[in-house]
Amino acid sequence: MGPARAEALAGAGLRTVRDLILHLPFRYEDRRGTRPVAEAAAGTSQTFRGRLVGLRRIRTRRRGFSLVRGFVEDGSGRLPVVWFNRPYLAHQTATDEVEYLLHGPVKAAADGLELVNPSCEPAAQAVHGDRIAPIYPAAGKVGPAALRRMLEGVLREIDLPAQVAETVPEELLERYGLPPLGEALQALHHPGADADVEALSQRRSPAHLRLIYGELLELQVALALVRRREEAVRRARRYQSGARLRRTLAEIPPFPLTGAQERAMGEILADLGGPHPMLRLLQGDVGSGKTIVAALALAAALESGYQGAFMAPTELLAEQHYASLSRLLGDRYKIVLVTASSGGSAGEAGRLRAELASGEARLAVGTHALFQESVEFQELGLAVIDEQHRFGVAQRDLLRRKGDRPDLLVMTATPIPRSLALTAYGDLAVSTLDELPPGRSAVRTELAPARQSREVYRRLRKAMEAGERAYVVAPFIEESLLDAVSLSEVEARVREILAGFPVATVHGRMPAAERERALRAFAAGEVRALVATTVIEVGLDVPAATWMVIESSERFGLAQLHQLRGRVGRGTGLATCVAIHGRLSEAARQRLEIFAATTDGFEIAERDLLLRGPGDLLGTRQAGLPSLAVARLPEDWDWLVRARDDARELLGRLRGPALKALEEKVAACASS
């Protein structure tokens, strides 16, 4: 391989033979068997075996473009062939006696049929034709045919079944009827003549299933080891339990808990009473009542004599939680707000820190400011993190270091598909709030083409004349090359049609203090319409807001649309969400139809994962979702569950040096 080709492959991440072997085909073409030239038929791709005759290069007026024309000939007849921009093929034949395999589409031409731009190779050294041909994703500028040729060279030199080390225990391979890794790789790059093309193309061949299962098993072993390390830590704290605590907790909620909230609280209290620090994810759809569950969990810690911390991603959200928790718990415990601006003067900030360090302040609600070096707790028992995917894993650990491995409850209002819960959050136990508290209003969702936008705004004006408040969201701050409206265009339209009503605008590039002022004014009713980008997507709680208009809605993801809709319907009145859209691609049409058809966030999360794959759901790269090379979620859910159960079984049997060696191997993989 020359240096230019090697550099091109390296640019695509293929630097070693191992990288190349793990660059798998994404589909397969059945090119088995050749057809006589006389049986060529238009509209299909076919393989022919014959001599090449009459090849000539034809120059064209178009600069940098050339044609090679000729014929493929066998005993049954002759078929015209044309190649584009492959001038070297004019000198392909050293002698008329050499037979070639050609595979490509046969198309109707002015004077009959024509084989167009086929692969071409000596029949004695065939790589591309008369076989089940693997089709590889291009590696930069290196295309599928070149990759197929390279992999054939690798397979001639390396006996994969003999040289590729197996990583999955033999008993598990036998349990599921899976081939060893080396055999699986061999079968994917060079399927046998009797292989099932449909199973290969659908990733359901035994070879594919071996790679899918192996990848998921390695992931689940790593996650189980993380969990095991956490469970090896013995709890230093003892929480209250029994009738007295139950009576106290029963007095806190201003309304009866839902069955889902009761179930989640039971799981949390069981963790707090267990022998190891809690690591739990509380997930629930928008408006499902996560805050009250968090408040009760914090009350259990505070009643037991420990302190609590509640961390939110923005100052506005921290202030809202501070107000909510003060209403629920403020008459029982001293609560303080810790944000970049909450301390006021240096003296006031010092007083806050002293109250936390002495234990006088029992609960701190705040932002990233909570894990500043200057903030100390007397004894932190429980840390709660809201909208946890906005924080990195390192930030989560910084908060936990404020105490002696405090219990941790992380919350998200973005419902997580069950397959992602076993991967991105495999080190956490999961509690799910899957029902809404009584009194929450339904949100009527409508789709409207852009030509109807003025009618939508006229309806909005009538609603505002009746006292309602509205969000209007645009996808971009400035004009974009994409066919979508900008924030400034939307603001101008809103100010024109809603003249007489106070309007404010917020976006991510505004100074934080200015943005917070506008959001507070909207929450207080001083602003009646808030024009915004997705900065209002999460956490903003204004029960009086009953209208949501989403402009250029085709530019938003499905989960993002659902989060935006969740900003309304938080009070008791009927709420309306109108998604205004421009020209729709098929994918955008699917998203919007799903969005309009259901308000169930868990169904939306599963459908979104199917549409988009796990790559950017939830900002999952930050949340810790590993990149999966072969497995796909949720398609491979069954194999994920098997891998989870088998990982637990394997670790349950390991002892001493074998367990230590596995932990070291996983740690080395994680660090790289």
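# Chat about a predicted model

Biologist: Where is Ala470 placed?
Modeller: Ala470 is in strand S17, residues 469–473. Keep in mind that this is a predicted model.

Biologist: Buried or exposed?
Modeller: Ala470 has a relative accessible area of 0%, so it is buried.

Biologist: What is Ala470 in contact with, leaving aside its neighbours within four places in sequence?
Modeller: Ala470 is in contact with Leu460, Phe522, Arg528, Ala529, Leu530 and Trp547.

Biologist: How many residues apart along the chain are Ala470 and Cys577?
Modeller: They are 107 residues apart along the chain, and their C-alpha atoms are separated by 9.7 Å.

Biologist: Back up a bit. How many helices and strands in the protein chain?
Modeller: The secondary structure comes to 24 helices and 21 strands.

Biologist: And what does the C-alpha trace span?
Modeller: About 95 × 70 × 45 Å along the principal axes of the protein chain.

Biologist: What percentage of the residues is buried?
Modeller: Of the 672 residues in the protein chain, 51% are buried. The chain exposes about 31,000 Å², and carbon and sulfur atoms supply 49% of that area.

Biologist: What share of the contacts comes from residues 24 or more positions apart?
Modeller: Such pairs account for 74% of the contacts in the protein chain with a separation of 6 or more.

Biologist: Helix packing next. At what angle do H8 and H23 cross?
Modeller: Roughly 50 degrees, and the axes come within 8 Å. H8 covers residues 206–231 and H23 covers residues 637–653. The angle makes H8 oblique to H23.

Biologist: Right-handed or left-handed?
Modeller: H8 passes H23 in a right-handed crossing.

Biologist: Which residues make the contact?
Modeller: From H8, they are Leu209, Ile212, Tyr213, Leu216, Leu217, Gln220, Val221, Ala224, Leu225 and Arg228. H23 contributes Trp639, Leu640, Arg642, Ala643, Arg644, Asp646, Ala647, Leu650, Leu651 and Gly652.

Biologist: How do the residues of that contact of H8 with H23 divide?
Modeller: Into 14 nonpolar, 2 polar and 4 charged.

Biologist: Now H16 and H17. How far apart are the axes?
Modeller: The axes are 10 Å apart, and the helices pack at about 50 degrees. H16 is residues 453–465 and H17 is residues 487–497. That makes H16 oblique to H17, and the crossing is right-handed.

Biologist: What meets what there?
Modeller: Ser453, Arg454, Tyr457, Arg458 and Arg461 in H16 meet Val490, Arg493, Val494, Glu496 and Ile497 in H17. The residues of this contact divide into 4 nonpolar, 1 polar and 5 charged.

Biologist: And H12 with H18, what angle?
Modeller: About 40 degrees, with the axes 10 Å apart. H12 runs over residues 315–329 and H18 over residues 512–524. H12 is therefore oblique to H18.

Biologist: Which residues meet in H12 and H18?
Modeller: Glu315, Leu316 and Glu319 in H12 meet Glu516, Leu519 and Arg520 in H18. That contact has 2 nonpolar, no polar and 4 charged residues.

Biologist: What is the phi of Ser552?
Modeller: About 45 degrees, which is positive although Ser552 is not a glycine. Most residues other than glycine have a negative phi. Ser552 sits in the loop between strand S20 (545–550) and H19, and at 6% relative accessibility it counts as buried.

Biologist: And the phi of Asn85?
Modeller: Asn85 also isn't a glycine, and its phi is positive at about 55 degrees. Asn85 is found in the loop between strand S4 (77–84) and strand S5 (100–109). Its relative accessibility is 40%, so Asn85 counts as partly exposed.

Biologist: Last one. Where does Ser304 lie?
Modeller: Ser304 lies in the loop between helix H11 (290–303) and strand S10 (307–311). At 16% relative accessibility Ser304 counts as buried. Leaving aside neighbours within four places in sequence, Ser304 is in contact with Arg238, Tyr239 and Gln240.

Note on methods. Residues are numbered from 1 along each chain as its sequence is written. This is a predicted model: local features need pLDDT of at least 70, side-chain atom pairs count only at pLDDT 80 or more; totals for chains, interfaces and linings use all residues. Side-chain values use heavy atoms; hydrogens and water are left out. Axes are lines fitted to C-alpha atoms, for helices over the stretch in contact, and angles run from 0 to 180 degrees between N-to-C directions. Helices (H or I, at least four residues) and strands (E, at least two) are DSSP runs, numbered from the N terminus. Angles under 35 degrees count as roughly parallel, over 145 as roughly antiparallel, 65 to 115 as roughly perpendicular and the rest as oblique. A crossing is left-handed if the near helix is turned anticlockwise from the far one by less than a right angle, and right-handed if clockwise. Contact means heavy atoms within 4.5 Å. Ala, Val, Leu, Ile, Met, Phe, Trp, Tyr, Cys and Pro count as nonpolar, Asp, Glu, Lys and Arg as charged, and the others, Gly among them, as polar. Buried means under 20% relative accessible area, exposed over 50%, partly exposed in between (1.4 Å probe, protein chains only). Accessible areas come from the Shrake-Rupley method with a 1.4 Å probe; for residues, only the protein chains shown count as cover.
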